[in-house]
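Trainee: I have just opened this model and would like a friendly tour. Could we go through it together?
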Amino acid sequence: STGKKERDLPPTEAPSFAFAFDIDGVLLHVSKPIPGATETLRFLQEHNIPFILLTNGGGRHESERVADLSQKLGVPLTTSNFVQSHTPFQELVDDLADKTILVTGADADKCRAIAQAYGFKNVVTPADVMAVEPRVWPFETLMEEHYARTSKSLPSPVYEGPDAVVDTKTLGGKLKIDAMFVFNDPRDWALDIQIMVDLLLSQQGYLGTYSPKNGDLSLPNCGWQGDGQPALYFSNADLFWSTGYHLPRFGQGAFQAAIAGIWRRVTGGHELHRRVFGKPSTETYAFAERVLQRHRHELLKELGARHGPGRLGRVYMVGDNPESDIAGANGYQSEVGTEWASVLVKTGVWTPDRAGGEAVLKGQLKPSVITGDVREGVRWALEREG
Ligand code: G3P
Ligand code: MG
C-alpha cells in the first residue's frame, strides 16, 4: 500500500484529480518493472482513482503494447488509458488517407501495419525502395536480408504528375510520397536519412527527382517543404531515454538532430521544417487530456454512477525526463482549465548526481516535487489531495 489511510470512495463519485504516468524510467526499465510500480497502479485501480499511461515509446500497435504492459506490470490495462508517441497520428489520417506516405521506425514493416490500422492506405517503407532500387544506398549489405524479408511492392503510381519531370528510370514509375512519419526510433539511420533527404530535395515528393530550389525557403515553390505544410512528422523528441543501462541512451531526438544537421549542411544552413509530436508537445498533452477525460467517464459508468464524474481539477504527471515529462506538464495550458502538476522521479534519465543534477531544474524544467520513485510520487499527491 502507499501508506495512506484506505481511501474508500463511494463508487458514484470520482476524485477531482487523476494521474498520468510516463513508462520508461518510471514504471519500467525496458521490460523490467521498477520496484513499487505494480503496487502503485494496483492501489489506484482498487480505489477507482483514474490514470493514463503517457509514453514517448512506440513501434507496436496500441492494443499489442497494452497487452504486453499488462503482462509485464501485472496490472490490467486497456487502450482507453494508454497514449504512446504516435497515437495522435490517428488524427492526421483524414487529410492523408488516400495519399502515399513513407513510414520508418525500429521495424518499419510493423510501423506500416500500425499506419494501415490507423487508416492510411498507401504506405511505403525504406525497404520497399531498396527492393526496387538497391543503388539508392550502395552500402546496404548489413541489412540486405532484413529488407528483402520485409519489403512489399510499391503502390501503383498514384499520380501522373504533370508538374514534375520524373527523369528517373528507376523505381519503375512515378512514386510520389506526400508525407513521412517516424513512428519510433529508426535502426538504420543511414538508409532512412538518405531516402528522407532525397524526398525533401525532390520535385513535389517524386522519389528520384531533384529540385535545386529545395531548402531555400525564400524561393517560390521550393518543393513541398516550402509550401508551409511540413510533410515530415516525428513522434517524439527525446534526445535520451532511460533503459536498463546505467546511463541514458539516445532516443528519436538524436535521430532528428542527425537528419536536421545533414539538412543544414545540404541546404547551406536551412532549418528542417518538421512537426514533432510526443511529450512535451502541446498536441500530445491535449490529446492525452481528452483520453483521460473519456477514460474517467467510462470508469465511473462501469461503477454504476448515475451522473458524470464532475470536473477534473488536477492531473499529476509522473515522469523521469525533465525535458519531456516535466516541461510538457508545466507548459501545458489545459483546454478545460485542468491544472497539470509535475512529479519528477529519480529512477530514470535524470538523477541528482547526473544530467546536471538539480541545477538544471529551472523554469519549465522545475517539477512540483522530486521523489525517489513512482510510489513516493503518488503518496505525495494523495497527501496533497487529502
Ligand atoms: O522510446 C522511448 C523513449 O523515448 C521514452 O519513453 O516512456 O520515457 O516517454 P517514455
Ligand atoms: Mg521516461
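Trainee: By class, how many charged residues does the shell around ligand 1 have?
Mentor: Happy to start there, with a word on conventions: this is a predicted model, where local features need pLDDT of at least 70 and side-chain atom pairs pLDDT 80 or more, while totals for chains, interfaces and linings use all residues. Residues are numbered from 1 along each chain as its sequence is written, chains are lettered from A and ligands numbered from 1 in the order written, and side-chain values use heavy atoms, without hydrogens and water. Asp, Glu, Lys and Arg count as charged, Ala, Val, Leu, Ile, Met, Phe, Trp, Tyr, Cys and Pro as nonpolar, and the others, Gly among them, as polar. The shell has two nonpolar and four polar residues, and the charged ones number six.

Trainee: Which residue has a side-chain N or O atom 2.8 Å from an oxygen atom of ligand 1?
Mentor: Residues around the ligand (a heavy atom within 4 Å) include D22, T55, D185 and K279. For I23, a backbone N or O atom is 3.4 Å from a ligand oxygen. The side chain at 2.8 Å belongs to K279.

Trainee: Which element supplies the largest share of the lining of the largest pocket?
Mentor: A pocket is an open set of points on a 1 Å grid over the protein atoms alone, where a 1.4 Å probe fits, with protein on both sides within 12 Å along at least five of seven lines; lining residues have an atom within 4 Å of a point. Ligand 1 takes up the space of the largest pocket, as more than half of its atoms lie within 2 Å of the grid points. At least two lining residues each come from α2 (62–73), β10 (240–241) and α10 (322–331). The largest share, four residues, comes from α2.

Trainee: What is the phi of V30?
Mentor: Most residues other than glycine have a negative phi. V30, in the loop between β2 (28–29) and β3 (32–33), is not a glycine, yet its phi is positive, about 55°.

Note on methods: Polar contact = N/O pair within 3.5 Å; in protein donor to acceptor, adjacent residues only side chain to side chain.
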